[in-house]
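The following note sets out several points on the strand pairing and helix packing of the structure shown below. It is arranged so that each point may be checked against the coordinates in turn.

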Amino acid sequence: MAVKISMPKLSDTMKEGKLIKWHKQEGDEVKPGDVIAEVETDKANMDLEAFDKGTLLKLFVKENDRVPVGAVLAIVGDRKESIDDLVGEIESSRDAPPVAAVPHTAQATAAATAATPHIPAPVSARPLAKPAPSVDPVRLGLAAGGLRASPMAAKMAAEHGIPLESIQGSGPGGRIVKNDIDLILSQGLAQRLPDRRRGGTPPAIEIQNKLAETLTPLEGVRKVIAERMALAKQSIPHFYLQAKLRMDRVVGFRMALNSGQTSAGGVAPLSYSYNDFILQGVCKALMMNPGVNATFDGIGVHTHAQIDLSFAVAFEGGLITPVIRGCDALSLRDIHMAAEDLVDRGRRMKLKPEEYLGGSFTVSNLGMFGLDNFQPIINPPQVAILAVAAIQRQPCVDDEGHLYVGWEMGVTLACDHRAIDGAAGARFLKDLTALMEQPESWVQ
Amino acid sequence: MAEMEFRKALNLALDEELARDPDVFVIGEEVAEYDGAYKVTKGLLAKYGHERVVDAPISESGFCGLAVGAAMAGLRPVVELMTFSFSLVAIDQILNNAAKIRYMSGGAMRVPLTFRGPSGVVHQLGATHSNALESIFAHTPGLKVVACSTPENARGLLKSAIRDDDPVVFLESELLYALKGEVPDDPEFLLPLHKGRIAREGVDVTIVAYSKRLHQALDAADRLAREGIRAEVIDLISLRPIDQDILLRSFRKTNRMVTVEESWSFCGIGASIVDIVQRHAFDFMDAPIERVTLEEVPMPYNESLENFVQPSVDKIISAARRTLYLESEASLHGR
């Protein structure tokens, strides 16, 4: 029997969705669990997964089309069956106004508000991944208690080891209720929980033997790195301070900024990276800790009234640390633009010397590799360097002692003990930690 | 087992207890010569005489007070109130004397006394004759409050109430008097005054009701079953003390509850049930507990309005569906 696949409502605020990509085409066989398409909502991109087995008989929406929630995207059915009637019905209804017309009278509005059904309409596709956490422009990030579940549902989830944040609640306001858990249990956990491999079995890892006898002469960038790092590691008495930063609010704030939902502090919407936030946050922490924004020449410590922020950029066969001059005075947008430009030209080896020499502090970000933490080598004559590891989902404890799943980022500050003492470095990290917990107070 | 009417089951209980214990006597308006306003005391005068089946003047405060004194002196009076609406003129005797004398006398005196009669709305008797006052009685320490719902439990409970050494408020319903049902023959058939019973087993939602509302709850459960919802129905029976165990056992199974009561919502029986459940079974709650009560108005005389303000099978079904998130609040008023 032919089944319609509709644009699902993937968040409370979603009114329409954009079909980014069809992963299956007309005539393709689909089975439950297959990713049919990728959909962009107001919050995030999500995969649409088939509920039913059959043939994808008809696609109604082109890639990059925006359609309202509930609009029919496709029909799945038996290869041989006729769907002419269904197609006619769907195509004629597409021209009609949206089903949820705005009621005009006050009475109708009240009735509609009160009567809003919380039972999701049956759709034949469901999101594979959970929707992005909803972002409240006032209170950003993942607040503890933001997830709503009935006590019974919470108890059942705990007993069966089901992460609540992976469930879309069917109760009012997205409340997760007993029926949602029953459904998961009856369908089998594996089918319903978000598949972190996104799309079932991961492709087999192909192992190519690339081993070879080669000899590369030490020259150019490699030579500079070899000399400077040997000198730095051998002559500078490094000590290392580590911290875990709670990034919940940065994650939420960035999501809000990038989705254009807020323009807090007059920040213009752009595709900001976490690195932009980290660079600006580091500047603020340096402003509070001038002893860390310093250089050391063996004779004296020179603190600087301006932050020239170096950040490490890797490229094939090397590494360069371009400098954002006067970074303390720049807006998030300026930092973003400057960093983007420097990274781009850095990777193509197009930087001029004054663009990579003479920084006052360095940030080395290897977050993209999923590391918990790492220990960097100071870039002399600077007196400290901050290693930034991945922002990861972690079990976290909120201020009230409740466990929740939050976002954490590991950092390590390496300091030159000739110039800085442990307490001074620790103070810098403490300030950075506090700053990252409330980006809305300083991002500009 | 024999099939008999509700009123006959009560009559049998009175007859048996009058025969069993010479200290038992019946007093009330029209209970003797007229055989009772609802014929519950039919034939008792002829059998036991004027000393033990006493016609009282229209003075509830007088004969309720007399009964309290008689109970203190060692008798076991059974007071018939023509309707519990009339207990209001004797409320001092019931709440202040019957309920408190055992306590005030340091346990020296007991008040083995039963106040019985119909309670709640009947049909177009107007606001002052349609009271359901169980919340007031159940509110008061010192009283036991029982609501019977079938001929079987009417008989077993009334006999237990008469034999109990404390004052019992025994609530009947005029609309149940003609209900027929099987009643055990055993003259020692007694039911505990502090226990509810499972009237129908289910797993999806617990409907708690008592007295005539039990029958609406059972009808609602029948209709819910047709849409695949298996409701458990509890016949509460004891309103004070309330049977916590049966409520909590059922709720821990179903995780959803609807309470149905004869009276108004505020400070009602259902409010106390909600209190018990949220306190002792918080982790088992899946939805707010729904209550079906009288609307907050004096009982209208107008028949349509009288029906509208009462609990109904439709209202109970709606409430049950709401606890299952199958329906939202608005649809109730749309009915």
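1. The model is predicted. In strand 8 of chain A, A:Val76 is the bridge partner of A:Leu56. This pair belongs to the contact of strand 6 with strand 8 (residues 72–77) of chain A, where 4 bridges are found and the two strands run in the antiparallel sense.

2. Strand 6 of chain A, which spans residues 54–59, is also joined to strand 3 of chain A by 2 bridges, and this pairing is antiparallel. Two residue pairs may be inspected here: A:Glu29 has A:Thr55 as its bridge partner in strand 6 of chain A, and A:Val30 has A:Gly54.

3. These pairings belong to an open sheet of 4 strands in chain A, ordered 1-8-6-3, with antiparallel pairing. Strand 1 (3–6) and strand 3 (29–30) of chain A are the edge strands; each has a single partner strand, and therefore one side of each lacks a neighbour in the sheet.

4. Within strand 16 of chain A, the residue opposite A:Ser310 is A:Val323.

5. Two packed helices are described by the angle between their axes and the distance between the axes. Helix 8 (residues 274–288) and helix 9 (residues 332–347) of chain A pack at an angle of about 115°, and their axes are 9 Å apart. The crossing of helix 8 of chain A with helix 9 of chain A is right-handed.

6. Which residues make the contact between helix 8 and helix 9 of chain A? Helix 8 of chain A contributes A:Asn275, A:Asp276, A:Leu279 and A:Gln280, while helix 9 of chain A contributes A:Leu332, A:Ile335, A:His336 and A:Ala339. Sorted by class, the residues of this contact between helix 8 and helix 9 of chain A are 4 nonpolar, 3 polar and 1 charged.

Methods:
Residues numbered from 1 in each chain as written. Chains lettered and ligands numbered in written order. Predicted model: local features only at pLDDT ≥ 70, side-chain atom pairs only at ≥ 80, totals over all residues. Pairing = 2+ DSSP bridges. Axes fitted to C-alpha atoms, helices over the stretch in contact; angles between N-to-C directions. Left-handed = near helix turned anticlockwise from the far one by under 90°. Contact = placed C-beta atoms within 7 Å. Nonpolar A, V, L, I, M, F, W, Y, C, P; charged D, E, K, R; others polar.
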